[in-house]
Amino acid sequence: MNKYVERVIDSVCKKDADKPEFIQAVKEVFSSVSNVVDAHPEFEKVGLLERLVEPDRAVSFRITWVDDTGRTRVNRGYRVQFNNAIGPYKGGLRFHPSVNPSLMHFLAFEQTYKNALTGLNLGGAKGGSDFDPRDKSNWEIMRFCQAFMTEFYRYIGDDTDVPAGDIGVGGREIGYLYGQYKRITGIAERGVLSGKNLSYGGSLLRPEATGYGAVYYLRDMLAHDGRELRNKTVVLSGYGNVSWGVIRKLAELGAVPLTVSGSAGYVYDRNGITDPEKINYIYDMRVNGVGSLSDYAEKFGAEFHAGQKPWAVKADIVMPCATQNEVDIDDAKLIVANGTRYYAECSNMPTTNEAVDYLLSNGVTVGPAKAVNAGGVAVSGLEMAQNSMRIAWSEDKVDSRLYDIMHGIYTASVAAAEEHGMGYNLVAGANIAGFMRVAESMCDEGIY
Ligand code: NDP
């Protein structure tokens, strides 16, 4: 590995020893760009890598709210604005008890390269809170979102930082956040948040975008080997926004999703999750809190495996769609032993670095998260464009732009890997293509 790259990774391991997920993400990106740094000695002169591992700023703040019993509750909020070399900061908000500085740093770092890959002018950020929305009433969610925005509003703006949803933050939460932003600032600044509902400035297809984009990318992975999605079986995790979009598009294109999962376990539906009734049931579970995975299994004659992940189920394609590090080396061994040929990461960093290496070295084609799941942020970028032009595009127009962006990411990744002697390696290619766009912008903009 390039000595400069090695030195910067070492310094991150020491300085950010309390942030394991961030270290994992830095190693993944920087090990891919070692050859590129060899070819650009000027990067070391301008301290490029040291600047790339230090966020522009990271804030944490207190969120005080009152629950339904009248008790005062305190949570911690975060925003890591990592890099705005190519555009205003952009990245989701996550409400989940596991949220901590390491997760926020890793997600904001990752977002920087993902956003660069879309070809749009979007910088990288991430934020959220350790608040757990799962056992809260609608009023509690509203009061929490209002309390969050009461502090958060000072960091964002349509040309500064544009947050969106992520785990635990969907259309309902974005609505409450936006309402409070307007109440505080008095400005109907629609471009300050993306993922809004249609009635007040959202984009058609935003809810489906991450899942649809992932399947468009997957289709290119198969097309590379002269294959099609029709009749291919797919194992996926999660039953959230991303899983739902993936399942809908897979079903439309004739593939057969077999599993969904959550913290409680997984469902294996041998008949395929392809009927609109089943897909709507999954939507209702997430959006309206109706039913559960075990209820799904009972209603549709499927198996429910409590407390387990779905990776033992045999399928042509695997698509993790739930959370970080959900596939470790033992899971990767199961996936390879099952004869899976294609592995598309839909959640952020779902696979440990060791597991990715194992999959790659056993002939599995791996589509990396920062490329595969970039459709969500891409349509958020299209939502920002529509807001600034004060128009609304048709679903067909948004869908065709989404398709073009995903295909562009795939072809740019293939070309970048080939150009730097990495062969057909989509993981390395995505890292190189995203990195080069940020690196060139930073070099152009001077040292700061
Ligand atoms: P949702 O909150 O809609 O769904 C998350 C799903 O993951 C749920 O089914 C949840 O099940 C499951 N899950 C979460 N944490 C765990 C855990 N620790 N163990 C097992 N299951 C878990 O989130 P999204 O679908 O929006 O996001 C999923 C992933 O995709 C995240 O990594 C996110 O960062 C990424 N992503 C999302 C985008 C978007 O547009 N929404 C865009 C790009 C990336 P349960 O509730 O039972 O825990």
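Predicted model: local features only at pLDDT ≥ 70, side-chain atom pairs only at ≥ 80, totals over all residues.
Student: Which residues come nearest to the ligand?

Tutor: There are 24 residues around the ligand, and D166, T210, Y239, S263 and N348 come nearest.

Student: How do those 24 residues divide into nonpolar, polar and charged?

Tutor: The shell holds 13 polar residues, six nonpolar ones and five charged ones.

Student: Which polar atoms of the protein lie by an oxygen of the ligand, say from R206?

Tutor: R206 places a polar side-chain atom 3.1 Å from an oxygen atom of the ligand. For R134, an N or O atom of the side chain is 3.3 Å from a ligand oxygen. G240 uses its backbone instead: a polar backbone atom there is 3.5 Å from an oxygen atom of the ligand.

Student: How much of the ligand does the protein bury?

Tutor: The ligand taken alone exposes 890 Å², and the protein buries 82% of that area.

Student: Which elements give two or more residues to the shell?

Tutor: They are helix α9 (206-223), helix α10 (241-252) and strand β8 (259-262).

Student: And which domains does the shell draw on?

Tutor: Domain 1 (3-189) and domain 2 (209-367) each supply at least three residues to the shell around the ligand.

Student: Back to R134. Where is it, and is it buried or exposed?

Tutor: R134 sits in the loop between β4 (123-129) and α7 (138-152). Its relative accessible area is 55%, which is over the 50% cut-off, so R134 counts as exposed. That value takes only the protein chains as cover.

Student: How far is R134 from A255?

Tutor: Their C-alpha atoms are 31 Å apart in space, and the two residues are 121 apart in sequence.

Student: New topic: helix α2. What span should it have, and what does the model give?

Tutor: Helix α2 covers residues 20-32, which makes 13 residues. At 1.5 Å a residue the helix should span 18 Å, and its end C-alpha atoms are 19 Å apart, so the two values agree.

Student: Is α2 mostly covered or mostly open?

Tutor: It is mostly covered, with ten of its 13 residues buried. Among the buried residues of α2 are F22, I23, V26, V29 and F30. The buried set also includes E21, Q24, E28 and S32.

Student: What about N115, buried or exposed?

Tutor: N115 belongs to helix α6 (residues 101-117). Its relative accessibility is 0%, so N115 is buried.

Student: What does the side chain of N115 reach?

Tutor: It reaches the backbone oxygen of G123, at 2.7 Å.

Student: Which of the other residues have a positive phi, N231 for instance?

Tutor: N231 has a phi near 70°, a positive value in a residue other than glycine. M349 is another such residue, with phi near 45°.

Student: Where are those two?

Tutor: N231 lies in the loop between α9 and β6 (233-236). M349 lies in the loop between β12 (342-344) and α14 (353-361).

Student: Are they buried or exposed?

Tutor: N231 is exposed, because its relative accessible area is 60%. M349 has a relative accessibility of 4%, so M349 is buried.

Student: Now A337. Where is it, and why does it count as exposed?

Tutor: A337 is in helix α13 (residues 329-337). It counts as exposed because its relative accessible area is 68%.

Methods
Residues numbered from 1 in each chain as written. Heavy atoms only, no water. Near = heavy atom within 4 Å. Polar contact = N/O pair within 3.5 Å; in protein donor to acceptor, adjacent residues only side chain to side chain. Areas by Shrake-Rupley, 256 points an atom, 1.4 Å probe, with all protein chains shown as cover. Helix = DSSP H or I, 4+ residues; strand = E, 2+ residues; numbered from the N terminus. Nonpolar A, V, L, I, M, F, W, Y, C, P; charged D, E, K, R; others polar. Domains from an automatic or database assignment. Expected span 1.5 Å × (residues − 1). Buried < 20%, exposed > 50% of the residue type's maximum accessible area, 1.4 Å probe, protein only.
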